[in-house]
Amino acid sequence: MDNFKFHGVDTVKMAKKYGTPLYLVSEDEIRSRCEEIKSSFLNKYENTMAVYASKAFLTVDMAKIINSEGLGMDSVSGGEIFTALKSGFPMENLIFHGNNKLEEEIELAIENNIGRIVIDDVNEVKIIDEIAANNKTIQKVLVRVSPGIESDTHKYIQTAQVDSKFGVPLKDEVIDELMENLKGSKNLEFLGFHFHIGSQLLKNDTHLKAIDIIFKLMDDVKTKYGYEMKELNVGGGFGIKYTDEEPEPLSYFIDPMMKAIEENAKKYGMERPKIIIEPGRWMIGEAGMTVYKIGTVKEIPGVRTYVSVDGGMTDNIRPSLYQAKYDALVLNKYKEDKTELVTIAGKCCESGDILIWDLEVPKVERGDYLGVFSTGAYNYSMFSNYNKITRPALVMIKDGKDKVSIRRQTYKELLKGQI
Ligand code: LLP
């Protein structure tokens, strides 16, 4: 039978070999994204750095791939730092973010000589300074600011609006307090600012707007406090294809941003700082696919047909959380005419556990296999054990060959840690 192939592997064969649900991740696709980062950013512009936002998808294997490509990584928790450490990731290339970094997380970061900590609040300055002093080290820091911009994306993944839990607000009195705190710190080296507008952005206008805002801030800080900014981290957020989006290449974001940066640097008579980008979803989203087995097919005459699969919101929370849209194929019937309109439901005890409303499919039955595309980002990383459903296996594909990266969780492991 002719089954759908994902990066050269027969998806149904994979499903039978490893069981379902199954995360498939193409290492070839990840590496080709790294190549695009190099050709359109790192090799094209001097004094630049690319940092992968590991929250999108982090395994020991992924950290090793990112390191082998010479990219840095961003972490937002002790667990992500620990994973990077265990993979042998060079700590000088790791950045630590977060709106509520715990003292023990900051200690873990500093004890292991993390490259940068991104301060998210004026009061964090003293905490990080103290921990750096205890460790007799000078910690390099950036400050995340919230430029007060609303991006065109789901409310839950906007991160730079005025009313945001992320970043230092751009209000004079807050910036003054921040700068006083930084001036007063003894063990921090303040390198520059960071912003992250939001996620799954398909237009570059909000990044450009933020650059103008941030340069004005950099100029104010230079005039008032004498700080020359050495670095500027412009975050990630570059969008990908889920259904009918038509994302532009990375250069669509990079080139106008770099132009705006050069122009602003000239305008304010500054040396252009080192520019850092932080893509997460763009690096990994389209590299992933989830394979499910179809179970119950329930027709409500005149209403809708629910086709249930053996996973759902536990392996992909995004449709329930953000009304995210996905595309899918019946993998063992992908060449057949699509004659029916069905709704793909997960198996959780939750009415909101719907993966895809209204998907065109051929006639489906129990035992068919469904493949959902673009599940590489924020699927595995947002997995939950709701309903005591176990975590799927994760298989990496490289040069048409499959290799288990994470094996399926067992029932026994579900109870691990219960005393
Ligand atoms: N840098 C910072 C500081 C961030 O907060 C984020 C994402 C990124 C980089 C990477 O953004 P990306 O390039 O992946 O868009 N769970 C949500 C996405 C949350 C993103 C939060 N921050 C989702 O599934 O859509």
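Entry 1. I looked up the side chain of histidine 196 and found one of its polar atoms 3.1 Å from the backbone nitrogen of glycine 236. The model I am reading is a predicted one. The histidine 196 side chain also reaches the backbone oxygen of glycine 198, at 3.4 Å. I then located histidine 196 in the loop that runs between strand S10 (188–194) and helix H8 (205–225).

Entry 2. Is histidine 196 buried or exposed? I read a relative accessible area of 16% for histidine 196, and the limit for buried is under 20%, so histidine 196 counts as buried.

Entry 3. I turned to arginine 391, which I found in the loop between strand S18 (369–373) and strand S19 (393–398). Arginine 391 is buried yet has no salt bridge. Which side chain of opposite charge is nearest to arginine 391? I noted glutamate 413, at 5.1 Å; a salt bridge requires the atoms to be within 4 Å. The side chain of arginine 391 does reach the backbone oxygen of arginine 407, at 3.0 Å.

Entry 4. I looked up a negative surface patch and listed its members as Glu103, Glu104, Glu107, Glu111 and Glu130. Helix H5 (residues 103–111) supplies the largest share of the patch, four residues.

Methods:
Residues numbered from 1 in each chain as written. Predicted model: local features only at pLDDT ≥ 70, side-chain atom pairs only at ≥ 80, totals over all residues. Heavy atoms only, no water. Patch = residues over 30% accessible without salt bridge, like charges linked within 9 Å, V, L, I, M, F, W, Y side chains within 5 Å. Areas by Shrake-Rupley, 256 points an atom, 1.4 Å probe, with all protein chains shown as cover. Lys, Arg positive; Asp, Glu negative; His and termini not counted. Charge placed at Lys NZ, Arg CZ, Asp CG, Glu CD. Helix = DSSP H or I, 4+ residues; strand = E, 2+ residues; numbered from the N terminus. Buried < 20%, exposed > 50% of the residue type's maximum accessible area, 1.4 Å probe, protein only. Polar contact = N/O pair within 3.5 Å; in protein donor to acceptor, adjacent residues only side chain to side chain.
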